Amino acid sequence: MAVINLQLDPGSGVATYLQLVHQVKHALRLGVLMPGDQLPTIKEVVADLAINPNTVAKAYRELEREGLVVGRPGLGTFVQRSLGGGSTADHTRLRRDLARWLRDCREAGLDPDDMEALFTSMLSDSLREETA
């Protein structure tokens, strides 16, 4: 069973339940969570993050509405489908390439905000080219 450690960023301006949803989706995309894996119980998340159980339930309902997880009464919430594209080998290669790119950015004197702006700009340009 995969373990996902949910965290909150109170300064993000993003609703707490959405932060949980985004983290689960991120884990699904990266292959950290796979179909059949169990999410932490509502009780576990509440104990770890000191948040209202209704907030966790709302996040899990949203994930269930999107068909990503399924709740099994008395058992917990389980991943129903993944979001990840590409193979594990592709992910490994791309992570290595990205690590090299990040190292090059740091050597060029870019800070994290510069790197994010550059990446976002290139991603946007690439997507625009695909639809043209």
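Me: Which residue does Arg-128 pair with in a salt bridge?
Reply: A salt bridge here means a side-chain nitrogen of Lys or Arg within 4 Å of a carboxyl oxygen of Asp or Glu. For Arg-128, the closest N and O atoms are 2.5 Å apart. The partner is Asp-125.

Me: What kind of model are we looking at?
Reply: Residues are numbered from 1 along each chain as its sequence is written, and side-chain values use heavy atoms, with hydrogens and water left out. Local features need pLDDT of at least 70, side-chain atom pairs count only at pLDDT 80 or more, and totals for chains, interfaces and linings use all residues; the model is predicted.

Me: Which helix holds both Arg-128 and Asp-125?
Reply: Helices are DSSP runs of H or I with at least four residues, strands are runs of E with at least two, and both are numbered from the N terminus. Arg-128 and Asp-125 sit 3 residues apart, about one turn of the helix. Their helix is H5.

Me: Is Asp-125 buried, exposed or partly exposed?
Reply: Buried means under 20% relative accessible area, exposed means over 50%, and partly exposed is in between (1.4 Å probe, protein chains only). Asp-125 has a relative accessible area of 28%, so this residue is partly exposed.

Me: Where do Arg-65 and Glu-62 lie?
Reply: At 61% relative accessibility, Arg-65 counts as exposed. Arg-65 and Glu-62 are 3 residues apart, or about one turn of the helix. Both lie in helix H3.

Me: Which residues are linked in a network of salt bridges?
Reply: Start with Asp-97 and Arg-100, whose closest N and O atoms are 3.3 Å apart. They are 3 residues apart in helix H4 (residues 88–107), so about one helical turn separates them. Asp-97 is partly exposed because its relative accessible area is 30%, and Arg-100 is partly exposed at 38%. The network links Asp-90, Arg-93, Asp-97 and Arg-100.

Me: In what order do the elements of the protein run?
Reply: The protein has 5 helices and 2 strands. From the N terminus on, they run α-α-α-β-β-α-α.

Me: Which residues does Leu-63 contact, leaving aside neighbours within four places in sequence?
Reply: Contact means heavy atoms within 4.5 Å. With those neighbours left aside, the list for Leu-63 is Val-21, Val-24, Lys-25, Leu-39, Leu-68 and Val-69.

Me: How far apart in space are Val-56 and Leu-20, C-alpha to C-alpha?
Reply: Val-56 is found in helix H3 and counts as buried because its relative accessibility is 0%. Not counting residues up to four places away in sequence, Val-56 touches Leu-20, Ile-42, Val-45, Val-46 and Ile-51. Val-56 and Leu-20 are 36 residues apart in sequence, yet their C-alpha distance is 7.6 Å.

Me: Where does Ala-50 lie?
Reply: Phi of Ala-50 is near 55°, a positive value in a residue other than glycine. Ala-50 counts as exposed because its relative accessibility is 69%. This residue lies in the loop between H2 and H3.

Me: Which residues make the nonpolar surface patch of about 280 Å²?
Reply: Patches take residues with over 30% relative accessible area and no salt bridge, joining like charges within 9 Å and nonpolar side chains (Val, Leu, Ile, Met, Phe, Trp, Tyr) within 5 Å. Areas come from the Shrake-Rupley method with a 1.4 Å probe, and for residues only the protein chains shown count as cover. Phe-119, in helix H5 (residues 112–131), counts as partly exposed because its relative accessibility is 44%. The patch is made by Phe-119, Leu-123 and Leu-127.

Me: What percentage of the residues count as buried?
Reply: The C-alpha trace spans about 50 × 35 × 30 Å along its principal axes. Of the 132 residues, the buried share is 23%.
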